[in-house]
Amino acid sequence: MDGDAFLRCIDPQCGLEYPIDSIRVQCEKGHLLDVKYKKIPSQNLKEVFYERRNSQGNIFNESGVWRFRDLLNFCQINTEDTSECSKFLVSLDGSEGRQSKPYQMSKVAEFIGTLSDNLWLQPEGYNPSGSFKDNGMATAVTHAKMVGAKKIVCASTGNTSASAGMFAANEDIDCDVYIPAGQIAPGKLSQAYQFGAQIVEVDGNFDDALKQSLEDAQNHNGYTVNSVNPFRIEGQKTIPFRALEYLNWEEPDWIVYPGGALGNTSSCGKALMELHEWGWIKKIPRIAVINSEGASTLSDLHNGKFEEEELRWNKGNPNVELISRYYDHLDKEGLRPKTKATAIQIGRPANILKGLRALEFTNGIATTVSDSEMLDGMSIVGLNGFDCEMASGASVVGIKKLIKEEIIKKDDVVVGILTGRQKDAMLPVDYHNDPQNRFARPPKN
Ligand code: F0G
């Protein structure tokens, strides 16, 4: 190890640094951490990444995450040495991120009201555990292995626990998952059981489950794999990397994500910040985060819906008291996050500050969509022959809304991320049995 990678607090006034084998998810003062690299990766790697797509049986080239290993080399290995890769990098036989790339979907483009050529949708649901989480879990569990962790721990609205359980089973380590009882899709819950994770049912919502899991992990030697873990963010950078690579590194105008705990927003922001700093991209795509109307913390705060102040990263000086007052207000009014898209039913996005940083860097925005809109978004993706879950439908209808509002221009190139695959079998059944729904095709008898 040559000391190229280390951890640094995101708060520029604080800037505390830690060695790469630290298992902290926060600095001493409670701020989130970034993985930092001292070396600037050569742009010749673009060729290397392209060549690796012809994987020649090397699982680390086959993997859509580890193909880009030079840009997330926190293990500080010789990335061309397969035996070093095998020793350090955790992979589900190269399957994480392998099938992910942007596609054009003509019916979705028509529904949205844009040109098919300008709209790209990137399904992350075809990852081995069925969501984008495998991108970040491969890297988080790599770090867990680096520090000799015996047990990984997470709170989850379902997909994180499925992914953590899968990787833990494959690496033969323990896995505890804290879930909000009765509030996660049955298909996700069954995955956690299937992979032998220890379920801990929390009487409350995801925010309560996260609080409890972080406390328990700290008190009982657990290794947290939620997106507050900076190594999760490293793997999720490969989502925009794959999109950019597919577009020949020609930057789209927008990258659009559903917003929950804001790990995706944070990782996309970090990826773009690094690529820009390294001179790999000139134009900075704008990030749009789509919250559900019933769980709209980022959108409310960013758009000045609370106390009429538009919350900003403000070059590292965000008004954190405003966030606290917003949470106090939610508690006082008994306002709990509520949406049928349980994946993003989150009131206290743990990565909010990194998310704000990402929005500031990219001149990004946040908005909301309703449950019925998300169901339409999910369903029109289905009519193009692709499968996604309700929360992912937010990307589709978020783009539609922003085009209607002329925030996204009709000739803008947009990449929307479809974050997960359908794991709530009854949602499409119920949708199609109600003839009132826009794309419903009710059964005949
Ligand atoms: N879409 C899906 C399908 C998700 O599962 C999640 C988050 C999100 C979007 C939101 O992403 O947190 O990066 O803003 N699911 C987490 C979980 C919270 O526990 O599975 P984010």
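A word on the source. This is a predicted model, where local features need pLDDT of at least 70, side-chain atom pairs count only at pLDDT 80 or more, and totals for chains, interfaces and linings use all residues. Residues are numbered from 1 along each chain as its sequence is written, and side-chain values use heavy atoms, with hydrogens and water left out.

Now polar contacts, meaning pairs of N or O atoms within 3.5 Å. A ligand oxygen lies 2.8 Å from a side-chain N or O atom of Ser-156. The backbone takes part too. A ligand oxygen is 3.1 Å from a polar backbone atom of Gly-263, and one is 2.8 Å from a polar backbone atom of Asn-264. How much of the ligand's accessible area does the protein cover? The answer is 99% of the 480 Å² that the ligand has on its own, by the Shrake-Rupley method with a 1.4 Å probe.

Where does the ligand sit? In the largest cavity. To sit there, more than half of its atoms must lie within 2 Å of the cavity's grid points. A cavity is a set of points, on a 1 Å grid over the protein atoms alone, where a 1.4 Å probe fits but cannot get out; lining residues have an atom within 4 Å of a point.

This cavity holds about 320 Å³ of space, the volume filled by probe spheres set on the points. Its lining has 29 residues, with Phe-132, Lys-133, Gly-260, Ala-261 and Ala-343 nearest the centre. Helices here are DSSP runs (H or I, at least four residues). Two or more lining residues come from each of α6, α8 (206-219) and α11. The most come from α11, with three.

The whole structure has two cavities of 30 Å³ or more.

Methods. Polar contact = N/O pair within 3.5 Å; in protein donor to acceptor, adjacent residues only side chain to side chain. 1 Å grid on protein atoms, 1.4 Å probe; cavity = no way out; pocket = protein on both sides within 12 Å on 5 of 7 lines; lining within 4 Å.
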